[in-house]
Amino acid sequence: MSKDIPILAVKDVKKHYVVGSETIKALNGVNLEIKRGDFTAIIGKSGSGKSTLMHIIGLLDTPTKGQVLLKGKDISKYTETELALARNKEIGFVFQSFNLLQRTSTLDNVELPLKYAKVKKKDRIKTATEMLQLVGLGDRLHNKSNELSGGQKQRVAIARALVNDPSIILADEPTGNLDTKTGDEIIKLFKKLNKMGKTIVIVTHDEDLAKIAKKRITISDGLVVK
């Protein structure tokens, strides 16, 4: 892929939902680009449209109108299977609630995207172990996730997001369930990953969290306002 082509581009995207007799305009003509190595925060109040935009960036939803280009390719032409494959390969998700399998080891949790990608077990274990070491959990490979602290769970979630070497790490309120000290540790980890060249998009309503990003995009009433 040419360095000039954004990893992801959203062009005049609109997303409308019909609820009964009412049409809700969640997004109303959004334009943005995510380039390799970017560290972007998408901020906005509840109901601003930022969650809808996150779902579209994460290939979890498609726009009513407009284009979403992934490495220059229009995903509106993708089948559901192609979208699922692209999500697994290109997007690493980090959620506020961690979304870990509670009675499964950290290693197995991190391996999961590689299983979907049909990577051999030996290679899965090697890569998952390396990612857990990267986030500082090399000594917790066999702990079950219900034996971990909130900060450790989020580190496992970040390791899982990294394991397929995705084009974008997409984090939704990644410090929302953490105390201030633990949240600061996760923020430092995101900074470290970005310095390593990882492309990161954080979706948040937290101004303090957004300050760590190199680029900030403010959403209000379904539009980019800043």
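**Exercise 1.** Find which residues of α5 meet which residues of α6, and work out how the two helices lie.

*Solution.* Contact here means heavy atoms within 4.5 Å. This is a predicted model, where local features need pLDDT of at least 70 and side-chain atom pairs count only at pLDDT 80 or more, while totals for chains, interfaces and linings use all residues. Residues are numbered from 1 along each chain as its sequence is written, and side-chain values use heavy atoms, with hydrogens and water left out.

Step 1: α5 and α6 (residues 180–195) pack at an angle of about 20 degrees, and their axes are 10 Å apart. That makes α5 roughly parallel to α6 (angles under 35 degrees count as roughly parallel, over 145 as roughly antiparallel, 65 to 115 as roughly perpendicular and the rest as oblique).

Step 2: sort the contact residues by class, and you get six nonpolar, three polar and two charged. Ala, Val, Leu, Ile, Met, Phe, Trp, Tyr, Cys and Pro count as nonpolar, Asp, Glu, Lys and Arg as charged, and the others, Gly among them, as polar.

**Exercise 2.** Describe how α4 and α5 pack.

*Solution.* Step 1: the angle between α4 and α5 is about 135 degrees, with axes 9 Å apart. α4 and α5 are therefore oblique to each other.

Step 1: Met131, Leu132 and Leu134 of α4 make the contact with Val156, Ala159 and Leu162 of α5. The classes are six nonpolar, no polar and no charged.

**Exercise 3.** Which residues are closest to the centre of the largest pocket?

*Solution.* Step 1: the largest pocket holds about 350 Å³ of space.

Step 1: among its 15 lining residues, Asn88, Phe93, Pro113, Tyr116 and Arg160 are closest to the centre.

Step 2: α2 (80–90), β6 (91–94), α3 and α5 (150–162) each give two or more residues to the lining.

Step 3: by class, the lining has nine nonpolar, four polar and two charged residues.

Note on methods: On a 1 Å grid over the protein atoms alone, a cavity is a set of points where a 1.4 Å probe fits but cannot get out, and a pocket is an open set with protein on both sides within 12 Å along at least five of seven lines; lining residues have an atom within 4 Å of a point. Grid points are joined across faces, edges and corners, and a volume is the space filled by probe spheres set on the points. Helices (H or I, at least four residues) and strands (E, at least two) are DSSP runs, numbered from the N terminus. Axes are lines fitted to C-alpha atoms, for helices over the stretch in contact, and angles run from 0 to 180 degrees between N-to-C directions.
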